[in-house]
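Hi,

Here is the structure I promised to pass on. Have a look at it, and then read my notes below.

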Amino acid sequence: MTEASEGTPPAEKPAVPNEQDKAAAPGAKPKATAKPEKAPVKPKATAKPKGKARDPSAGRRGFVQLSLVAAGLAWTGAMVKFFFPRILFEPATRFPIGFPTDYVIGVDTKWQQAKRIWVVREPSRLYVIFARCTHLGCTPDWKSGENKFKCPCHGSGFDMQGVNFEGPAPQPLLRTQVSLDARGQVVVDKGKLFPVDDWDDSDAFLVV
Ligand code: FES
């Protein structure tokens, strides 16, 4: 026999009534229903002023800044003009083209691209034609097969001497000044041009 069975049996614990039992119990006061808590009333936000408040000095400051920027730009422009003045670099109008013996009888077009001239050698003369059409200024081409200069723009034609004979060109081609330097080289000066009436000017050809 154990000790537990020998002593007084333990007293039974009274049963704890559950909530339902309590509610059903006669005379039990009904439990007050919990009142929903009221949400705290937020204070109304004060209406924000539309846009930022204007700083009266801001406009003046902006104007001063703009004036400073404009003054800086003007100063920079003046400096650029001072250090880089507008200079028109034009090719030299006067240049040597070699010796008369470098040219055979006929038209030589080797300077057309670089100097816009043709060198023409005849049995006793050498002269230089300025390769600019007298119509509207295009550069004609030498057509050796046809023995003429032909303008690609409107079809003007010039003979070997530069005399116009077809198309709208109103007058013959111009010739340049030619001379010999100390070494005997031919020097061309496109700064002086001779129209047909001056082709016999002594500066318009070289005797060869
Ligand atoms: S520019 Fe040469 S024909 Fe017109």
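A quick word on naming: helices (H or I, at least four residues) and strands (E, at least two) are DSSP runs, numbered from the N terminus. This is a predicted model, where local features need pLDDT of at least 70 and side-chain atom pairs count only at pLDDT 80 or more, while totals for chains, interfaces and linings use all residues. Residues are numbered from 1 along each chain as its sequence is written, and side-chain values use heavy atoms, with hydrogens and water left out.

Arginine 116 sits in the loop between α4 (112-115) and β3. Its phi is near 55 degrees, a positive value in a residue other than glycine. Arginine 116 is partly exposed, at 24% relative accessible area (buried is under 20%, exposed over 50%, partly exposed in between, with a 1.4 Å probe and protein chains only). Asparagine 147, in the loop between β5 and β6, also has a positive phi near 55 degrees, and its relative accessibility of 45% makes it partly exposed.

Now the inside. A nonpolar core here is a set of buried Ala, Val, Leu, Ile, Met, Phe, Trp, Tyr and Cys residues joined through side-chain atoms within 4.5 Å. The largest one has 15 residues, and Val107, Trp118, Phe149 and Phe158 are among those with the most contacts inside it. β3 (117-121) and β4 (125-130) are the elements that give it two or more residues. Domain 1 (94-132 + 174-207) and domain 2 (140-170) both contribute, so this core lies between them; the domain bounds come from an automatic or database assignment. A second, separate core of eleven residues includes Ile97, Tyr103, Val186 and Leu206.

Then there is an open sheet of four strands, in the order β5-β6-β7-β8 with antiparallel pairing (two strands pair if DSSP finds at least two bridges between them). β5 (141-143) and β8 (164-166) are the edge strands, each pairing on one side only. Three bridges join β6 (residues 148-150) to β7 (residues 157-159), and lysine 148 stands opposite aspartate 159 in β7.

Finally, the rings. Rings of Phe, Tyr and Trp (its six-membered ring) pair if their centres lie within 6.5 Å; planes under 30 degrees apart are stacked, over 60 edge-to-face, and the rest tilted. The count comes to two aromatic pairs. Tryptophan 142 and phenylalanine 149 have ring centres 4.7 Å apart and planes at 55 degrees, so that pair is tilted. Tryptophan 142 is buried at 18%, and phenylalanine 149 is buried at 0%. Ring pairs link Trp118, Trp142 and Phe149 into a cluster.

Cheers
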